[in-house]
Amino acid sequence: MEEQGRRGNVITVFSTASAVGKTLVAVNMAAELARLGYRACLVDADLQFGDVCNYLHLVPERTLADAQKAAEADADTFDVSQFLDVYTCDNISFSVMAAPLRLDEAYNMAVLSVQHILQQLQFHFDFVVVDTTSAFSEMNLMIMDMSTIITFLGIVDFIPTIKNMKIGCDTIHSLGYESSKIRLVLNRSKSKTKIDLEDVERILGEPFYHVLSNDFKAAWDATAAGVPLVRSADTALAKDLRSLVARFTNNEVEDDSGAEGGVSSWFKRIFK
Ligand SMILES: Nc1ncnc2c1ncn2[C@@H]1O[C@H](COP(=O)(O)OP(=O)(O)OP(=O)(O)O)[C@@H](O)[C@H]1O
Ligand SMILES: [Mg+2]
């Protein structure tokens with residue numbers, strides 16, 4: 001059932017190439033938001049090949065496909081919170097809406113159903129973090145439309161990756177969003193490449209908003225253990241991930257005189 005009140009922010013992690021770190025970043029964003037005390041939900045919208053539960057060593061009891069079925073069966077009694085799993089580790093706890101388990105279920109997911117589910121989640125959480133696929137699909141465009149922030153993730157490795165990043169950047173900007181909605185983030189910076197970062201920024205027509213270190217060991221260890229990197233700040237990559245989230249949230253302290261509006265109002269101020 002739809003609750004009254006303010007809606008949480010949607011932060012989408014998107015890229016125009018596979019394996020650039022979308023899931024790693026999405027998992028750590030949700031974890032860091034939770035660590036900071038926000039009510040956070042991570043949605044795995046990589047419907048066919050979602051990895052969120054693998055990253056967190058979660059065995060989901062319910063998925064987006066189950067949520068869609070329930071919403072279609074009876075929209076009036078649909079309660080999105082019944083379809084969430086919870087990830088907990090130390091002082092970090094956040095909800096997870098898992099991707100469908102089977103390909104046929106993924107294939108049958110409808111854009112309007114996912115939109116409805118995300119809208120419902122916004123009533124329950126301060127932040128809904130959405131992990132996506134690398135495609136300009138109808139599903140992803142709907143998710144981008146709903147987003148407060150699109151974290152557009154890229155790596156600088158091969159010429160085709162940069163070409164696709166350029167196409168993606170231009171396309172997202174052509175959708176008519178406020179430019180502040182789109183945050184270009186470089187992952188795996190300083191990894192071995194002969195491509196000059198300034199050249200890439202020139203091609204893209206804008207600088208990277210934030211840069212994440214390349215740290216294969218930290219990424220591997222966290223995934224192997226099923227824990228978010230941001231649990232501790234003992235690696236450069238964890239610090240970079242924490243500071244990315246801090247840049248999305250750090251005005252809250254300055255804004256707490258106004259109180260009432262909470263997350264929504266300070267967010268509007270930052271991203272106007
Ligand atoms: N900053 C980083 N340093 C080192 N390795 C990283 C970093 N970010 C991600 N990785 C590694 O890169 C690989 C791909 O990451 P991830 O699964 O998050 O990519 P993705 O964009 O979600 O991929 P897909 O398009 O398949 O969903 C993983 O092995 C991950 O551990
Ligand atoms: Mg992924």
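Tutor: With the elements: helices (H or I, at least four residues) and strands (E, at least two) are DSSP runs, numbered from the N terminus. The model is predicted, so local features need pLDDT of at least 70 and side-chain atom pairs pLDDT 80 or more, while totals for chains, interfaces and linings use all residues. Residues are numbered from 1 along each chain as its sequence is written, chains are lettered from A and ligands numbered from 1 in the order written, and side-chain values use heavy atoms, without hydrogens and water.

Student: How many helices and strands does the protein chain have?

Tutor: The protein chain has eleven helices and eight strands.

Student: What is the volume of the largest pocket?

Tutor: On a 1 Å grid over the protein atoms alone, a pocket is an open set of points with protein on both sides within 12 Å along at least five of seven lines, whereas a cavity is a set where a 1.4 Å probe fits but cannot get out; lining residues have an atom within 4 Å of a point. Points are joined across faces, edges and corners, and the volume is the space filled by probe spheres set on them. Here the largest pocket comes to about 800 Å³. It is lined by 34 residues, and Ala19, Lys22, Thr23, Asp46 and Asp51 are the closest to its centre.

Student: Which elements supply at least two residues of that lining?

Tutor: They are H1, helix H6 (138–146), strand E7 (182–189) and H9. H9 gives the most, five residues. By class, the pocket lining has 15 nonpolar, 13 polar and six charged residues (Ala, Val, Leu, Ile, Met, Phe, Trp, Tyr, Cys and Pro count as nonpolar, Asp, Glu, Lys and Arg as charged, the others, Gly among them, as polar).

Student: How many cavities of 30 Å³ or more does the search find?

Tutor: The search of the whole structure finds one, and the volume of the largest cavity is about 50 Å³. Among the residues lining this cavity are Leu24, Tyr55, Ala219 and Pro228. Helix H1 (22–35) and helix H9 (216–225) are the elements that give two or more residues to its lining. That lining has eight nonpolar residues, two polar and no charged ones.

Student: Which residues have the most contacts inside the largest nonpolar core?

Tutor: A nonpolar core is a set of buried Ala, Val, Leu, Ile, Met, Phe, Trp, Tyr and Cys residues joined through side-chain atoms within 4.5 Å; buried means under 20% relative accessible area, exposed over 50%, partly exposed in between (1.4 Å probe, protein chains only). In the largest core, of 46 residues, they are Met29, Leu42, Leu56 and Phe94. H1 provides the largest share of this core, nine residues. Another core, of 28 residues, lies apart from it and includes Leu47, Phe78, Phe83 and Met146.

Student: How many aromatic pairs are there?

Tutor: Rings of Phe, Tyr and Trp (its six-membered ring) pair if their centres lie within 6.5 Å; planes under 30 degrees apart are stacked, over 60 edge-to-face, the rest tilted. The count is seven. Phenylalanine 14 and phenylalanine 136 form an edge-to-face pair, 5.1 Å centre to centre with 70° between the planes. Phenylalanine 14 lies in strand E1 (residues 9–14) and phenylalanine 136 in the loop between strand E5 (127–131) and H6, 122 residues apart.

Student: Is phenylalanine 14 buried or exposed?

Tutor: Phenylalanine 14 has a relative accessible area of 0%, so it is buried. Phenylalanine 136, at 33%, is partly exposed.
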